[in-house]
Amino acid sequence: MLMNTSSDFLVPSIDEKLCAYQKNRISQMIRDYLEINQQMDHFHFEYCPKCGQHHPVLVKAGKTKAGKQMLKCNSCKKRFVCDHGQLTYYSHQPQSKWNDLIIETQNGNSLLHTAAKIDVHESTAFRMRHKYLHFIEDMECLICTTS
Ligand SMILES: [Zn+2]
């Protein structure tokens, strides 16, 4: 039997009314939300990114328009998104598109190819790639200075 992972999240009565593309879009969205929530549960801040408080006491403080969890530091009372310092920080693009972008970039595919693949404008793909490469650079710097 063929495994149909795209309909995992849908009840059969809805599932049969949607085409494969629509089901894929929906399950991608759901996976993104699940990932955000999971990140939130496991998110650990050694220092507050706003005031530098060590082991800050953080409380949930609403969500951004893109559905990202906001946290508030008890020391400085400032809010920030829970993926602060991560690739998805300050990005409207979901994690799944970032994952595809990373694969595309590592495969050396052209910007146009990447843009079509992840369904964004070429200039968006350009900015994302730029941000990713910067991110990699930062990571490498961190590894160099800590080892
Ligand atoms: Zn703080």
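This is a predicted model: local features need pLDDT of at least 70, side-chain atom pairs count only at pLDDT 80 or more; totals for chains, interfaces and linings use all residues.
Me: Before we start, when do two strands count as paired here?
Reply: Two strands pair if DSSP finds at least two bridges between them. Strands are DSSP runs of E with at least two residues and helices are runs of H or I with at least four, numbered from the N terminus.

Me: What's the mean pLDDT of the chain?
Reply: The mean is 78, and 77% of the residues reach 70 or more; pLDDT is the predictor's confidence in each residue, from 0 to 100. Over residues 1-7 the pLDDT is below 50. Beyond near neighbours in sequence, that stretch has 6 contacts in the model, a contact being heavy atoms within 4.5 Å.

Me: And where is confidence lowest and highest?
Reply: Lowest in helix α2 (residues 20-42), at a mean of 72, and highest in helix α4 (residues 111-118), at 94.

Me: Back to the strands. What about β1 and β2?
Reply: They're antiparallel too, over 4 bridges, and Leu-58 has Cys-73 in β2 as its bridge partner. The two strands form a hairpin with 5 residues between them, and Gly-67 in that turn has a positive phi of about 90 degrees.

Me: Is β2 mostly covered or open?
Reply: Mostly covered, as 4 of its 5 residues are buried. Buried means under 20% relative accessible area, exposed over 50%, and partly exposed in between (1.4 Å probe, protein chains only).

Me: Which residue in the turn between β2 and β3 has a positive phi?
Reply: Lys-77, at about 65 degrees, in a hairpin with 5 residues between the strands. Lys-77 counts as exposed because its relative accessible area is 53%.

Me: What's up with His-55?
Reply: His-55 isn't a glycine, yet has a positive phi of about 45 degrees. Most residues other than glycine have a negative phi. His-55 sits in the loop between α2 and β1 (58-63), and at 46% relative accessible area it is partly exposed.

Me: Last one: why does Ser-96 count as buried?
Reply: Because its relative accessibility is 14%. Ser-96 belongs to helix α3 (residues 95-106). Leaving aside neighbours within four places in sequence, Ser-96 contacts Gln-28 and Asp-32.

Technical notes. Residues are numbered from 1 along each chain as its sequence is written. Side-chain values use heavy atoms; hydrogens and water are left out.
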